[in-house]
Each structure stands twice: as C-alpha cells, then as structure tokens.
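I opened this model to take notes for someone who has not seen it before. My entries follow the order in which I looked things up.

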Amino acid sequence: MWKRLTVLWTVVRGDARRLWFALRHPQSPGWLKFGTALIALYLLSPVDLLPDTIPLLGVVDDLVLVPLAIRFLLDRLPPDIVRAANQRFGGRP
C-alpha cells in the first residue's frame with residue numbers, strides 16, 4: 001500500500017500541491033473539501049473499482065482515477081484561488 005501511495009504521489013505531485021494550497025485558502029469552497037475527502041477515502045479504502053489482487057489493473061485504476069479526480073476539482077476552482085495558486089507555484093494557463 002505504501003508503494004502505491006508513493007507512486008501516486010510522484011505522478012500527481014504538482015496538482016496535489018495546488019489542491020493542498022486551495023484547501024488551505026481562506027475562500028476555499030465546501031465542495032472542494034468534500035471532494036478531497038472523497039478522494040482520500042477512495043485511496044485509503046480497501047474497496048476499489050478493480051481489486052488490487054488483479055495484477056497491474058488493481059493499481060492502474062488508482063493511477064488513473066485519482067489524478068483525474070484531482071484535475072476535475074482543480075478545474076472548477078474559483079478564479080481568485082487559481083490566481084493565488086499560479087502566483088505561488090508558477091503559472092499554468
């Protein structure tokens with residue numbers, strides 16, 4: 001499980017930093033906190049869409065779904081939070 005988390009962290013490091021920044025922002029919306037909690041729950045839950053016992057596919061679903069979910073949340077951030085994150089971490093259009 002730790003290996004899975006470290007690989008996932010490497011893949012989504014930049015987006016995870018932006019998400020963490022957005023969560024701590026004073027104007028962070030409630031839906032962002034709820035969505036992030038659901039992502040964390042999915043990562044830590046023993047129940048997956050594809051069980052980890054299936055070789056390779058069990059980890060691939062996490063490596064695909066989690067970054068997509070993080071990107072989904074980041075794409076819906078309010079503009080002022082996006083501007084603040086871009087100033088902090090360098091601009092991404």
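**The salt bridge**

I began with charged pairs, and the structure holds 1 salt bridge. The model is a predicted one, and I keep that in mind for every entry below. The partners are R71 and D15, whose side chains meet at 2.7 Å, N to O. I then looked up where the two residues sit, and the pair links distant parts of the chain, with R71 in helix α4 and D15 in helix α2, 56 residues apart.

Is each partner buried or exposed? I found D15 to be buried, because its relative accessible area is 15% and buried means under 20%. R71, at 26% relative accessibility, counts as partly exposed.

**Helix α2**

I next went along the helix that carries D15. Helix α2 has 12 residues and reaches 17 Å from its first C-alpha to its last, which is close to the 16 Å expected at 1.5 Å a residue. I listed its buried residues as D15, A16, R18, L19, F21, A22 and L23. Beside this list I noted that an α-helix has 3.6 residues a turn, so residues three or four places apart point the same way.

At 15% relative accessibility, H25 counts as buried. A polar atom of the H25 side chain lies 3.1 Å from the backbone nitrogen of Q27. Which residues does H25 contact, leaving aside its neighbours within four places in sequence? I found I81 and A84.

Both of these names came up again when I turned to helix α5 (residues 79-89), where the buried residues are I81, A84, A85 and N86. I also looked up what covers those buried residues, and the cover includes α2 (13-24). At the end of my notes on this helix I wrote down that α5 is followed by G90, whose phi is positive, near 95 degrees.

Notes:
Residues numbered from 1 in each chain as written. Predicted model: local features only at pLDDT ≥ 70, side-chain atom pairs only at ≥ 80, totals over all residues. Heavy atoms only, no water. Buried < 20%, exposed > 50% of the residue type's maximum accessible area, 1.4 Å probe, protein only. Helix = DSSP H or I, 4+ residues; strand = E, 2+ residues; numbered from the N terminus. Contact = heavy atoms within 4.5 Å. Polar contact = N/O pair within 3.5 Å; in protein donor to acceptor, adjacent residues only side chain to side chain. Expected span 1.5 Å × (residues − 1). Salt bridge = Lys/Arg side-chain N within 4 Å of Asp/Glu carboxyl O.
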